[in-house]
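Subject: Handover of a structure and its findings

Dear colleague,

Please find below the structure that I am handing over to you. My notes on what was found in it follow directly after.

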Amino acid sequence: MPPRPITFLSDYGLEDEFVGVCHAVIATVCPKARVIDVSHGVPRHDVRGGALMLEAALPFLPPGIHLAVVDPDVGAQRRAVALRAADERILVGPDNGLLVPAAELAGGVVEAVEIARSPLRLQPVSATFHGRDIFAPVAAHLAAGVELGAAGELCDPGGLVRLELPRARRQGRALLAQAVYVDRFGNVQLNADHDDLAAAGVRLGRGVMLELGPHGTHHAYYVRTFADVEPDQLLVYEDAARRLSVAVSHGDAARRLGLRVDDELWIKPA
Amino acid sequence: MPPRPITFLSDYGLEDEFVGVCHAVIATVCPKARVIDVSHGVPRHDVRGGALMLEAALPFLPPGIHLAVVDPDVGAQRRAVALRAADERILVGPDNGLLVPAAELAGGVVEAVEIARSPLRLQPVSATFHGRDIFAPVAAHLAAGVELGAAGELCDPGGLVRLELPRARRQGRALLAQAVYVDRFGNVQLNADHDDLAAAGVRLGRGVMLELGPHGTHHAYYVRTFADVEPDQLLVYEDAARRLSVAVSHGDAARRLGLRVDDELWIKPA
Amino acid sequence: MPPRPITFLSDYGLEDEFVGVCHAVIATVCPKARVIDVSHGVPRHDVRGGALMLEAALPFLPPGIHLAVVDPDVGAQRRAVALRAADERILVGPDNGLLVPAAELAGGVVEAVEIARSPLRLQPVSATFHGRDIFAPVAAHLAAGVELGAAGELCDPGGLVRLELPRARRQGRALLAQAVYVDRFGNVQLNADHDDLAAAGVRLGRGVMLELGPHGTHHAYYVRTFADVEPDQLLVYEDAARRLSVAVSHGDAARRLGLRVDDELWIKPA
């Protein structure tokens, strides 16, 4: 049996050796494992941003071991876990909510183990780099075929930490949404989708008003893609993760509007 | 037959999950394909910069499937293509000029197919992420051995979009060149080579004047490498892609001179 | 025999095609070699930073060929070398001190060859990109099983360039340390370890004073990990590379304190 593929997401960045050392640990444990880096550019300590990114990527990831580390409380009392989902994907990371949205997309957690004292971990375990010492080696052994139960102690999936994910809410013909992620291109992802906007009476191809409070009010078009408006025009569209997003064609919406993660905006028919 | 290697260049950056998801799609279609990331740091939407980078890298890339995505007009009417070059390399990406300089270096395009509606694409195709939905899966199937003709509809190579690549021009003993790329080290690549400078009467080892208009006039040496001048001195040299470049030994020429892509400068014998 | 794994560290960054082209050269020479990127984010030309990063990573890297390129004097008289350590690891890179701390951790250099004119190099060798033309192809051939002696001419390991690595020094109950590396999280690594601090009379769990000269005096706690202090508090801890570091829990110590590489600070019991 070839090893199962491992995917790897973190907020470690690529400037330092953190990601490379985790790859090296995996290659030492399971030399034939294929590792796919989802991204290591999650903003530092942004557990929610990492959870949303993992959830958006999951439908495209080959089923296997999904290693994710955004871990502001490393060394504190937070648990380290490996979770088996209903579709047999396994998720490995800190128990801080990072893994749960992806696990639910994979059918929900059917088995959970606590791995902080896993027999598969590297020893001695450092106080600050559990990616290297716990998460990567456990993921590698699981990829190699070790049973989940051998990775740690069974625990109750019902006790896993869950994130409070904000949801857009509608007031009549207006939708109050929040920015949850800003990508490299300055596209601003919202906590809303096509149905939310439709419920507020906004139809594809029509104009909308974006009310940003201190950042002013702006006209935009609700369209399918960038090319449906002129360069430099604002648009609202359903992005490739099926989340509503604000963009500027050939431009940077986050910069134009001064929008940052957690900012709120109202969307109304124009 | 093992799959052909895939190389991958884009302007997606590594902060978000775009590159990782494309890797995941490739691994799903063709688990044994080796993917070599050329770079994902092409400046956003810089089709010409991406084309120059791909052309510079090509002679060193193992022959295979060369996936490249710099796609400011995703979702608009631009075509998506896969091209077979005379040397059997296959290039996959948008039909916006990105692929053509590399294809010509590979002997020219001998077969072209339009892949926007390829039977090999992921469905549904999003409006904004054709890297994931069209280019990566088509590249992966081609790496796995699918015939080019099965990837889409044949089209006329003569109709491919070509970039207007600026060329340096000589006036007597002066060369008017343009900055076409600035690398991480601040080295400024020009649209000229050794022969252009020789034609202007500049010989290796001699001094040159760089006239930058609003950015002033600067003395530099035309030498073989950084170590041929003192630290902090300006040099002009033929870089590893055989393009003329301006650098500062142990320094940053772009910052020192205020040079950016598209800026013009005159080079004259000192 | 499968090829030996190759690890790769450099200051090339990921914006340009430099790293990708080196990977491509390796894949051309030795298609089955596995390449693990340790990091390409070493600060430009920072040989000491690269040497410390390689040394910190080494215990976790699978034994193989360790390619490292931080090469401010490319094209000058510095030698290019491949070194065999006592534990059979092979290190490949410029002879500027970059490789030596890792080689000593691997038991010391037992065989050294000069590879600038290696029969395994690409020809013609460019004046500015020895990563592509010398170091990567030599590393790939060594991974494929070529004997070290066939890579170049034997030279005296005693003649290798060594870095002057600063060492912290103690004056009574005070330790004078230097910042040697700042990571993505703003954690500031010092040239000292737990024993140095213990010798100065500082015990785990106690307060310390950090005297930074122009950057003021700050109270911190000497603890095991971030979670041992409140968010936003300063801490001194032994990091995952077993070097003493200064951090801010959930914050950025380098920014808070204005600390940069080479800055000095006194650490005293509070």
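In chain C of this predicted model, helix 2 (residues 47–57) lies across strand 1, strand 2, strand 3 (65–69) and strand 5 (90–94). The helix runs at about 150 degrees to strand 1 of chain C.

The sheet of chain C

The sheet in chain C is open and is formed by seven strands, which follow the order 2-1-3-5-4-6-7 with mixed pairing. Strand 2 (35–39) and strand 7 (153–155) of chain C stand at its edges; each has a single partner strand, so one side of each is left without a neighbour in the sheet. From one strand to its neighbour in this sheet the turn is 25 degrees on average, direction ignored.

Strand 2 of chain C pairs with strand 1 (residues 6–10) of chain C in the parallel sense, over four bridges. A point of reference in that pairing is C:Ile6, which stands opposite C:Val35 in strand 2 of chain C.

The sheets of chain A

Chain A also holds an open sheet of seven strands; its order is 2-1-3-5-4-6-7 and its pairing is mixed. At the edges of this sheet stand strand 2 (35–39) and strand 7 (153–155) of chain A, each with a single partner strand, so that one side of each is left without a neighbour in the sheet. The twist from one strand to the next averages 25 degrees.

Within chain A, strand 3 (residues 65–69) and strand 5 (residues 90–94) run parallel and are joined by three bridges. A:Leu67 has A:Val92, in strand 5 of chain A, as its bridge partner. Helix 1 of chain A lies across strand 1 (6–10), strand 2 and strand 3 of chain A, and its direction is at about 155 degrees to strand 1 of chain A.

The interface of chain B and chain A

How many residues of each chain are in contact where chain B meets chain A? Chain B has 39 residues in contact with 32 residues of chain A. The area buried between the two chains is about 2,500 Å², and carbon and sulfur atoms give 57% of this area. B:Glu17, B:Arg44 and B:Thr128 supply 23% of what chain B buries against chain A, more than any other three residues.

Between chain B and chain A there are zero salt bridges, while 15 residue pairs are in polar contact, both residues at pLDDT 80 or more. Helix 1 (18–29) and helix 4 (130–143) of chain B each supply at least two residues of the side that touches chain A. Helix 1 of chain B gives the most to that side, with eight residues. By class, the side of chain B that touches chain A has 20 nonpolar, ten polar and nine charged residues.

The interface of chain A and chain C

The contact of chain A with chain C takes 39 residues from chain A and 32 residues from chain C. About 2,400 Å² is buried between these chains, of which carbon and sulfur atoms give 57%. On the side of chain A, the residues that lose the most area to chain C are A:Glu17, A:Arg44 and A:Thr128, together 23% of what that side buries.

Zero salt bridges are counted between chain A and chain C, against 16 residue pairs in polar contact, both residues at pLDDT 80 or more. The elements that give two or more residues to the side of chain A that touches chain C are helix 1 (18–29) and helix 4 (130–143) of chain A. The largest share of that side, eight residues, comes from helix 1 of chain A. The residues of the side of chain A that touches chain C divide into 20 nonpolar, ten polar and nine charged.

With kind regards

Definitions and conventions
Residues numbered from 1 in each chain as written. Chains lettered and ligands numbered in written order. Predicted model: local features only at pLDDT ≥ 70, side-chain atom pairs only at ≥ 80, totals over all residues. Heavy atoms only, no water. Contact = heavy atoms within 4.5 Å. Buried area = accessible area lost by both parts, 1.4 Å probe. Salt bridge = Lys/Arg side-chain N within 4 Å of Asp/Glu carboxyl O. Polar contact = N/O pair within 3.5 Å; in protein donor to acceptor, adjacent residues only side chain to side chain. Nonpolar A, V, L, I, M, F, W, Y, C, P; charged D, E, K, R; others polar. Pairing = 2+ DSSP bridges. Axes fitted to C-alpha atoms, helices over the stretch in contact; angles between N-to-C directions.
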